[in-house]
Amino acid sequence: MPLLAATVIAATALSATPALAKKAPKETFEATLPVAAPVTGPATGGIFNASMGYAPLYGGTRARMVGDALTIMLVERTNASKTVGSQSQRDGGVSLTTPSAGPLSIDPNALKASNNSSFKGSGNASQTSTLNSSLSVTIAEVRPNGTALVRGQKRMLLSQGDEWVQVSGIVRLIDIDENNTIDSTKVADANIQYSGKGALQRASKQGWLGRFFNMISPF
């Protein structure tokens, strides 16, 4: 009965808070299409017409508008290590001197007490990850401060499974070089996802029954 009552209370609490039942919107990495070109005005006799999308001499062909493509060089490398150690020791003792003769005589060894406790623990953790690749993305939004929101993805359909790389983040337009590329280390609020699915991915994961017993095991 107590377990049933707790279950009913938990279900009522979840139903009363619809915000908990809603899932966070999944981020999209789809390519952004360029803004539709404005209607060309009457000919003015000028050599260059900005509405025709010409590249100025000082700007070249670098990405700078919504829908323009650029290449992000994924040069991520992370090294992390941590070592923890602790040691403690405590000693204590007590001894009383009693009469050695007479009716109140007590064996002195019966009143001696001592205590000794010690603890020693250590831990060591390290992690190294490296990602070297390149991915072309599109500009999804250009902001007044000279930054742009970029996002894109690469999907590879292989015979033994599928793999994909997804990237999104904020870049400074001035950091884009003459080859229309930028390093991933210069992408702010970067969201880089490398994952896949298929036979190889399933073989590298533990089965659901093993995960269940590991979750409830107290050892």
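Is N180 buried or exposed? I looked this up in a predicted model. N180 comes out at 17% relative accessibility, and the cut-off for buried is under 20%, so N180 counts as buried.

**N180, surroundings.** I placed N180 in the loop between β4 (161-172) and β5 (181-183). Then I checked what its side chain does. A polar atom of the N180 side chain sits 2.8 Å from the backbone nitrogen of A63. The N180 side chain also gets to the backbone oxygen of A69, at 2.7 Å. Leaving out residues up to four places away in sequence, I listed T61, R62, A63, A69, L70 and T71 as what N180 touches.

**A148.** Next I went to strand β3 (residues 147-158), where A148 lies. A148 has a relative accessible area of 0%, so I noted A148 as buried. I also looked at I170, 22 residues from A148 along the chain, and found their C-alpha atoms 5.6 Å apart. I170 is among the residues A148 touches, and so are G169 and V171.

**Salt bridges.** How many salt bridges does the structure hold? I got two. One pairs R143 with E141, with 3.5 Å between the closest N and O atoms. R143 is partly exposed at 29% relative accessibility, and E141 is partly exposed too, at 34%. The other pairs D175 with R172, the closest N and O atoms being 2.9 Å apart. Here I wrote down D175 as buried, at 19%, whereas R172 is partly exposed, at 46%.

Technical notes: Residues numbered from 1 in each chain as written. Predicted model: local features only at pLDDT ≥ 70, side-chain atom pairs only at ≥ 80, totals over all residues. Heavy atoms only, no water. Helix = DSSP H or I, 4+ residues; strand = E, 2+ residues; numbered from the N terminus. Buried < 20%, exposed > 50% of the residue type's maximum accessible area, 1.4 Å probe, protein only. Polar contact = N/O pair within 3.5 Å; in protein donor to acceptor, adjacent residues only side chain to side chain. Contact = heavy atoms within 4.5 Å. Salt bridge = Lys/Arg side-chain N within 4 Å of Asp/Glu carboxyl O.
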